[in-house]
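Subject: Structure handover

Hello,

Here is the structure I promised to pass on to you. Have a look at it first, and then read on for what I found.

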Amino acid sequence: MILLRRHMAGGERQVLAILGLGLIGQAILAATRRHCAFDEVSLPISWTDTALRRDQLAAVLTAIGSRDHPPARIDIVWSAGRAGFGARQDELAAEEEPFLDILALADRLVDIAPKARHGFHLMSSAGGLFEGCRLVDATTEPSPRRHYGIAKVRQETLVKAMRPEIASFIYRPSSTYGLSDGTARLSLINVLIANALNKKVSHLFGDQTTLRDYIQAGDIGSFVAGRLVGHAPNPGTFLLASGRATALQAIVHLVEAALGTRLLLRIDPRPSNAEHMSFRPAALAPGFVATDLATGIRQMAQRHLYC
């Protein structure tokens with residue numbers, strides 16, 4: 001957990017906790033730092049040891065503040081999770097206990113700081129919720145096909161059911177790519193670029209015509225950071241996508257153009273991840289701006305080539 005603290009106008013304090021520093025978590029942290037100057041501290045939170053984790057969360061409560069000097073605003077961001085799109089049910093079940101402990105932490109913070117503005121920010125998944133759905137709009141109900149998507153629906157339900165003092169912000173990003181420090185799970189575009197530069201073969205599990213909506217992690221970070229430091233952000237559920245679906249074959253061509261080389265590919269004859277997904281532009285979160293895909297891939301390729 002990264003704990004960020006700052007003084008706002010009038011001397012009031014905001015405390016922000018970010019759990020999960022994968023591709024999206026790193027982008028949220030970087031964008032938040034660009035908005036405001038925070039004091040930061042890294043606090044360990046065990047993923048597997050329940051007793052240790054609860055001791056660590058008690059220390060988090062102390063670090064955030066006391067009843068005598070509580071913050072005026074407290075926001076918790078959950079962008080954690082080791083299980084991927086194809087995770088088994090038992091892998092996802094093991095991740096639920098830490099999530100429930102963080103929800104309990106948010107609840108306890110309301111008791112400590114009853115006059116503060118409280119927000120819980122959940123990173124969900126448009127891909128997990130709408131796999132196989134085309135032209136998703138604001139009325140489309142989630143219809144998960146995998147255990148991963150079912151777990152995301154449950155997380156959303158739990159967050160929405162929190163006590164009314166806690167404003168819920170639920171973000172549903174589509175297929176995400178971007179640069180990270182190397183500890184995050186790699187996206188398709190990241191893998192294609194890295195393998196091309198290392199002259200390795202990329203194994204594709206989707207059909208060449210598979211349509212997906214790709215967005216840059218930095219755009220997600222900027223949008224979420226705006227809600228974390230904004231004056232009075234409205235809670236809700238936010239679909240973060242570009243509204244422009246792109247075929248896998250077109251992604252390959254964009255990466256080849258950005259790198260100036262041909263990719264070495266192995267196409268799965270029985271693709272396990274070939275469902276189309278697309279989103280109507282009208283369904284996207286107001287104010288969310290997605291970087292043009294060709295521009296985003298070119299930026300990534302340049303960073304890989306020259307860094």
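Which residues have the most contacts inside the largest nonpolar core? They are M1, I76, W78, I102, L105, F120 and V159, in a core of 30 residues. Two or more residues each come from strand 2 (13–19), helix 2 (50–64), strand 4 (73–78), helix 3 (89–112), strand 5 (117–123) and strand 6 (166–173). Helix 3 is the biggest giver, with 8 residues in this core. Please keep in mind that this is a predicted model.

Leaving out residues up to four places away in sequence, F120 touches I76, W78, F99, I102, L103, A106, V159, M162, I166, A167, S168 and F169. There is also another core, apart from the largest one, with 22 residues, including V77, M123, V229 and F288.

Now for the chain as a whole. The protein chain has 9 helices and 13 strands. For 307 residues, a compact globule would have a radius of gyration near 19 Å, and the 20 Å of this chain agrees with that. Along the principal axes, its C-alpha atoms fill a box of roughly 65 × 40 × 40 Å. Of the 307 residues, 48% count as buried. If we take contacts between residues at least 6 apart in sequence, 82% of them join residues at least 24 apart.

Q155 sits in helix 5 (residues 147–160). Is Q155 buried or exposed? Its relative accessible area is 13%, under the 20% cut-off, so Q155 counts as buried. Beyond its neighbours within four places in sequence, Q155 is in contact with W78, F99 and L122. W78 is also one of the residues with the most contacts inside the largest core, and both W78 and F99 are touched by F120.

T295 belongs to helix 9 (residues 293–306). With a relative accessible area of 25%, T295 is partly exposed, because that value falls between the cut-offs of 20% and 50%. T295 and L254 are 41 residues apart along the chain, and their C-alpha atoms are separated by 9.4 Å.

Best wishes

How values were computed
Residues numbered from 1 in each chain as written. Predicted model: local features only at pLDDT ≥ 70, side-chain atom pairs only at ≥ 80, totals over all residues. Heavy atoms only, no water. Helix = DSSP H or I, 4+ residues; strand = E, 2+ residues; numbered from the N terminus. Buried < 20%, exposed > 50% of the residue type's maximum accessible area, 1.4 Å probe, protein only. Contact = heavy atoms within 4.5 Å. Rg over C-alpha atoms; globule rule 2.2 N^0.38 Å. Core = buried A, V, L, I, M, F, W, Y, C linked by side-chain atoms within 4.5 Å.
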